[in-house]
Amino acid sequence: MQKLAIKLTVVIVAVGALILLALTCPDKDAHKEAMKTTINKAFEGKMAESFTKDESSNSIFQGITMLGSMLVNNIADSMLDTKMEVKNYVFFSIGAINHDGESHTISFGILNNVYTCSEEDLKPFIDKL
């Protein structure tokens with residue numbers, strides 16, 4: 001009887017975990033927002049690399065960075081709308097960009113969290129914007 005109770009508990013916990021995963025699977029909007037944040041951070045890092053420490057602390061640099069960030073945000077928003085595809089696998093989701101006929105995975109979502117590629121991976125693409 002005790003083995004049956006243990007098996008039943010394991011089944012209930014497993015089913016509960018699967019239901020939790022299914023209910024908290026991030027959608028395309030969550031992937032898009034996470035990627036926009038990562039793209040913005042990569043842009044700001046790229047801008048900081050372009051200027052010396054003294055230049056980056058002045059208000060002109062900060063203004064240029066803010067304007068550039070707004071521009072990059074608009075470009076990223078439209079690009080992600082058209083080129084990003086999110087596949088929902090019920091328990092998790094994967095975001096990918098289709099570029100030159102190839103699909104590149106850029107994000108992974110699970111439990112209402114979206115994990116994106118690193119900022120360093122995006123810096124070469126910032127040059128192309």
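Residues are numbered from 1 along each chain as its sequence is written. In this predicted model, local features need pLDDT of at least 70 and side-chain atom pairs count only at pLDDT 80 or more, while totals for chains, interfaces and linings use all residues; side-chain values use heavy atoms, without hydrogens and water.

Me: Why is the contact of Asp77 and Lys32 called a salt bridge?
Reply: A salt bridge needs a side-chain nitrogen of Lys or Arg within 4 Å of a carboxyl oxygen of Asp or Glu. Here the N to O distance is 2.9 Å, so the pair meets the definition.

Me: What makes Lys32 buried or exposed?
Reply: Buried means under 20% relative accessible area, exposed over 50%, and partly exposed in between (1.4 Å probe, protein chains only). Lys32 has 11%, so Lys32 is buried. Asp77 has 24%, so Asp77 is partly exposed.

Me: Which other residue meets Lys32 in a salt bridge?
Reply: Asp81 does, at 2.6 Å, N to O. The pair links helix α2 to helix α4, 49 residues apart. Helices are DSSP runs of H or I with at least four residues, strands are runs of E with at least two, and both are numbered from the N terminus. Asp81, with 42%, is partly exposed.

Me: What makes β1 and β4 edge strands?
Reply: Two strands pair if DSSP finds at least two bridges between them. The order in the open sheet is β1-β2-β3-β4, and β1 (84-88) and β4 (113-116) each pair on one side only.
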